[in-house]
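Please look at the sequence and the model below before reading on. The notes that follow go through the chain by topic.

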Amino acid sequence: MKSLAPPLVNDLQLLHGMARNTRLGHFQIIGNFLNQLTDQYQLFIRHNGSPALCMALQTGTNLEEALRYYYDNPPLALHHIQTIRESSPRVCPMCGSLKSWNIDHYLPQSTHPDWSLFSLNLIPSCDCNLKRGNRLIGPGNERILHPYFDLILNQRLLSWNSVGIYPNINLTLVNLVRNPDVQFHIDEIIMNTNILGWLADKIGSFVRCPSDEIITLNPNQTITARDLENAINDLRMRKDHSLGSLNNWESVFCTGLLGDAQLLNIGLARHNFIQANGYP
Ligand SMILES: [Zn+2]
């Protein structure tokens with residue numbers, strides 16, 4: 001999860017240019033629906049893409065096919081599609097994983113084809129876009145967070161705790177976050193990724209050798225509980241800054257660890273054992 005500045009694209013100008021470009025195979029179709037598409041783009045802007053308020057045209061024509069074609073085979077004028085795809089390579093704005101090579105249509109192409117090319121509907125993402133849930137709106141009108149509009153993504157939102165026997169892990173919201181859209185986003189986007197397995201692997205590695213994961217720890221020094229917490233805080237701050245998000249998975253790992261007294265005690269004892277006796 002990561003807040004992003006909206007792309008600087010003049011979508012309406014691009015649309016009008018496509019309608020005039022006789023070299024494009026489907027220019028006439030775009031031209032025929034130019035007014036409706038213009039209205040749809042403006043509707044999206046007015047409501048920040050709210051799925052409750054942005055209804056697709058349902059033209060039942062080959063307009064949808066043409067828009068999909070140009071998304072899959074963008075002419076030079078639509079270079080913003082590739083630019084957006086590459087605009088957050090180190091962290092996925094939708095789920096916070098440490099990769100991003102794809103595009104998520106915030107309003108899916110399958111149900112909302114009108115916005116297939118619209119820059120504000122295109123969000124760089126990892127493969128979480130292929131795994132997201134089917135619901136666009138929750139029972140209380142909750143919706144998936146939008147990295148261009150939802151500034152709450154600038155806050156630290158996500159943590160985890162271990163339940164019962166390790167490695168049973170729950171994703172949790174950090175204290176004081178009471179936002180139904182955030183919970184909906186977690187349920188529909190993040191819980192469909194491999195974040196729990198990823199965290200379990202990190203925890204396992206931490207328990208075996210804390211300084212392998214907490215690289216801000218000096219592996220050659222006996223430490224106190226305060227030293228360990230300082231090192232985890234320091235690592236989290238570096239990840240926050242370098243990845244430009246407080247909700248990248250590395251920072252989420254640190255946040256959960258800082259709240260788990262039992263794991264911190266295990267890590268402290270393990271680090272000092274290794275320091276005294278070497279890695280067995
Ligand atoms: Zn993702």
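Predicted model: local features only at pLDDT ≥ 70, side-chain atom pairs only at ≥ 80, totals over all residues.

**Two asparagines in loops**

Asn141 sits in the loop that runs between helix 6 (128-131) and strand 3 (158-162).

- Most residues other than glycine have a negative phi.
- Asn141 is not a glycine, yet its phi is positive, at about 70°.
- Is Asn141 buried, exposed or partly exposed? Asn141 counts as partly exposed because 13 other C-beta atoms lie within 10 Å, while a residue needs 20 or more to be buried and 12 or fewer to be exposed.
- Asn48 also has a positive phi, of about 50°, without being a glycine.
- The loop that holds Asn48 lies between helix 3 (34-46) and helix 4 (63-72).
- Asn48 has 15 other C-beta atoms within 10 Å, so Asn48 is partly exposed.

*The end of the chain*

- Helix 12 covers residues 261-277, which is 17 residues.
- From the first C-alpha of helix 12 to its last, the distance is 24 Å. That is close to the 24 Å expected at 1.5 Å a residue.
- After helix 12 comes Gly278, with a positive phi near 85°.

*Two domains*

- The protein is split into domain 1, residues 11-131, and domain 2, residues 155-277.
- How far apart are the C-alpha centres of domain 1 and domain 2? They lie 36 Å apart.
- The two domains do touch: nine residues of domain 1 are in contact with 13 residues of domain 2.
- On the side of domain 1 that touches domain 2, five residues are nonpolar, two are polar and two are charged.

*The protein as a whole*

- How many helices and strands does the protein have? There are 12 helices and four strands.
- The protein has 280 residues, and 37% of them count as buried.
- Along the principal axes, the C-alpha atoms fill a box of roughly 75 × 40 × 25 Å.
- Take the contacts between residues at least 6 apart in sequence: 69% of these join residues at least 24 apart.

Conventions:
Residues numbered from 1 in each chain as written. Contact = placed C-beta atoms within 7 Å. Domains from an automatic or database assignment. Nonpolar A, V, L, I, M, F, W, Y, C, P; charged D, E, K, R; others polar. Expected span 1.5 Å × (residues − 1).
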